[in-house]
Amino acid sequence: MAVTNDKVVEGGNSYDGSEELDGSVLPGEEGRGEAVEKDSHMSSVFRNRETTAGVSVLHVGTDVTEAEVVDDCDEEYEGDGEDDVAWKDVELGRGETFTDECQDEDENKLGGNATHNSVTEGRENTSRYALLLSNGIEYLKYMYSSALLVFSVVVLTTAIFTGQTSANVTYGVPLLAAFAVFWIVVFWLGTVEGGLGCVVGLKSLQPSTQYAESHKVTFKVTSLAHRGDNLDRFIVGRQFLVVLLIFVANMMAAITGSVLGLQGLAKAIFIDSGVALMLTTIVFGQLAPQVNGASFMLDFLNNYFMLFSTYVSLGIELSGLLHAVYLVQFLFGKYSGK
């Protein structure tokens, strides 16, 4: 059976819309179950394709223009009149033949959707497993890093109070004094290390009076460090202070003997190579303060010890001990054409 612009062609017989249809079976189609609904004002023919037990039923509607014909099985026409028939899954065109292609395509799509859902579910499971693995690795890093840090602190503390550090052996510093000086130096180191990022970062936050009331000490620090060329001077003096503090920390806690019965490889790693001292100094005196300072600039600077460290840094620079830095800076500027 074929549909043209104004007639239905079936088995060599045709209907041109000039006569009323009485709902009888189309000529040549007795027994096939395909019927045409009665309608006397048909200007163009379309169908809402229904399939029951493999039998296709043709419905004839009215007032459908040629522009409303859709060739895509996925698209749907919704009529805007009482006589229009909402239809779906139609493959209709002038001179085209109705087939079961749309039904086959729908069945293929159902199978494709099932495959797509299966693939999507597989990807979600893979992503879930990857996330669990990533989280597990992160937790493992936290655990063994914390364990190494705690072990390093225990080793240093034991060495200091058993008199097996350079502070006691070489310089004769009392055990309790060596312990106190070491941790004060580490705290001061953390203050100036984290403070540098804060002072430089807040340089762009102008005017600084935005936090003059909420963070009064921070305002004092930045007002001093950002005045004139004080920022460069602060950086120079602060760097010398950092090196000095690390040197003092090494004097107080460099292990000279064996503690906790460590022998062989363990002793070579944690004591002889200084890993215990390095981990303790880097984590507490540098990395942790730098990370906190980068995240909480205003709060990190808001203490008088940071203000004191700023004055000390500027004082070190004022001594002229490091003024050769500015000569290097001048030469670099000439080389860069500035």
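Four salt bridges are counted in this predicted model, a salt bridge being a side-chain nitrogen of Lys or Arg within 4 Å of a carboxyl oxygen of Asp or Glu. Local features need pLDDT of at least 70 and side-chain atom pairs count only at pLDDT 80 or more, while totals for chains, interfaces and linings use all residues. Residues are numbered from 1 along each chain as its sequence is written, and side-chain values use heavy atoms, leaving out hydrogens and water.

**Salt bridges**

- Glu317 pairs with Arg233, their closest N and O atoms being 2.8 Å apart.
- Because Glu317 lies in helix α9 and Arg233 in helix α5, this pair ties together parts 84 residues apart in sequence; helices are DSSP runs (H or I, at least four residues) numbered from the N terminus.
- Both Glu317 and Arg233 are buried (under 20% relative accessible area, with exposed over 50% and partly exposed in between; 1.4 Å probe, protein chains only).
- Glu193 forms a salt bridge with Arg238, with 3.1 Å between the closest N and O atoms.
- Glu193 and Arg238 are both buried.

**Packing of α3 and α9**

- Helix α3 (residues 175-201) and α9 pack at an angle of about 80°, with their axes 10 Å apart; axes are lines fitted to C-alpha atoms over the stretch in contact, and angles run from 0 to 180 degrees between N-to-C directions.
- This makes α3 roughly perpendicular to α9 (65 to 115 degrees; under 35 is roughly parallel, over 145 roughly antiparallel and the rest oblique).

**Asn303**

- Asn303 is found in the loop between α8 (297-301) and α9 (304-318).
- At 27% relative accessibility, Asn303 is partly exposed.

Terms used. Helix = DSSP H or I, 4+ residues; strand = E, 2+ residues; numbered from the N terminus.
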